[in-house]
Amino acid sequence: MGQQQLLLLIVGVVVVGLAVMAGVESFAENQRKFRQDLTVHLRNDIASKAQLWKMTPPLLGGGNVGTSDDFRAFTLNAIGLQESENHGGVEVLHRTEYACLKLFPNTDRLRIHALTTDCTDGSWWMGMDVRGVTPEDIT
């Protein structure tokens with residue numbers, strides 16, 4: 001092989017290597033965005049199901065007692081999700097493969113914190129409050 005052919009071969013290998021590295025980086029970035037979007041979806045889904053639970057009469061398994069912003073009796077089991085941990089009814093932890101949500105049912109709202117996937121305290125990066133049963137009550 002001549003020098004020109006070897007140079008073209010080396011340049012071709014470098015270009016293919018750079019393309020593979022860019023593809024791997026792009027895949028990792030898209031996977032991170034997917035996990036964030038899934039966490040937002042799960043958080044919004046829990047908020048809307050909590051509102052539905054609050055509007056449902058107790059006879060049908062709902063929490064329509066007291067004021068519209070009293071979520072103290074709320075549990076994930078009430079909306080068909082499994083609780084990962086429950087610390088004395090004060091906070092509820094829900095883990096999935098992509099998200100970790102911590103819920104704080106209070107007398108004036110249901111607070112939902114999205115944590116990093118390892119569920120470390122103090123790692124929350126997205127919060128939401130449900131203060132009633134209308135769409136405007138989700139902030």
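Predicted model: local features only at pLDDT ≥ 70, side-chain atom pairs only at ≥ 80, totals over all residues.
Visitor: Which element is His113 in?
Guide: Strand β4, which covers residues 110-115.

Visitor: And what does His113 touch, leaving out residues up to four places away in sequence?
Guide: Seen that way, its contacts are Cys100, Leu101, Lys102, Phe104, Trp124, Met126 and Gly127.

Visitor: What about Leu115, where is that found?
Guide: Leu115 is also part of a strand, namely β4.

Visitor: Is Leu115 buried or exposed, and why?
Guide: Buried, because its relative accessible area is 5%, and the cut-off is under 20%.

Visitor: Which residues is Leu115 in contact with, neighbours within four places aside?
Guide: Leu93, Cys100, Lys102, Thr120, Ser123, Trp124 and Trp125.

Visitor: Changing topic. How many helices and strands are in the chain?
Guide: One helix and five strands. In sequence order the pattern reads α-β-β-β-β-β.

Visitor: Which elements have the highest and lowest mean pLDDT?
Guide: Helix α1, residues 3-55, has the highest at 93. Strand β1, residues 85-87, has the lowest at 57.

Visitor: What is the mean pLDDT of the chain?
Guide: The mean is 85, and 94% of the residues reach 70 or more.

Visitor: What radius of gyration does the chain have?
Guide: The chain has 24 Å, whereas a compact globule of 139 residues would have a value near 14 Å. Along the principal axes, the C-alpha atoms fill a box of roughly 85 × 30 × 25 Å.

Visitor: What share of the residues count as buried?
Guide: Of the 139 residues, 31% do. His113 and Leu115 both count as buried.

Visitor: What share of the contacts with a separation of 6 or more is between residues 24 or more positions apart?
Guide: Such pairs account for 40% of those contacts.

Visitor: Last one, charges. How many positive and negative, and how far apart are their mean positions?
Guide: There are 12 positive and 16 negative charges, and their mean positions are 1 Å apart.

How values were computed:
Residues numbered from 1 in each chain as written. Heavy atoms only, no water. pLDDT = per-residue confidence, 0-100. Helix = DSSP H or I, 4+ residues; strand = E, 2+ residues; numbered from the N terminus. Rg over C-alpha atoms; globule rule 2.2 N^0.38 Å. Buried < 20%, exposed > 50% of the residue type's maximum accessible area, 1.4 Å probe, protein only. Contact = heavy atoms within 4.5 Å. Lys, Arg positive; Asp, Glu negative; His and termini not counted. Charge placed at Lys NZ, Arg CZ, Asp CG, Glu CD.
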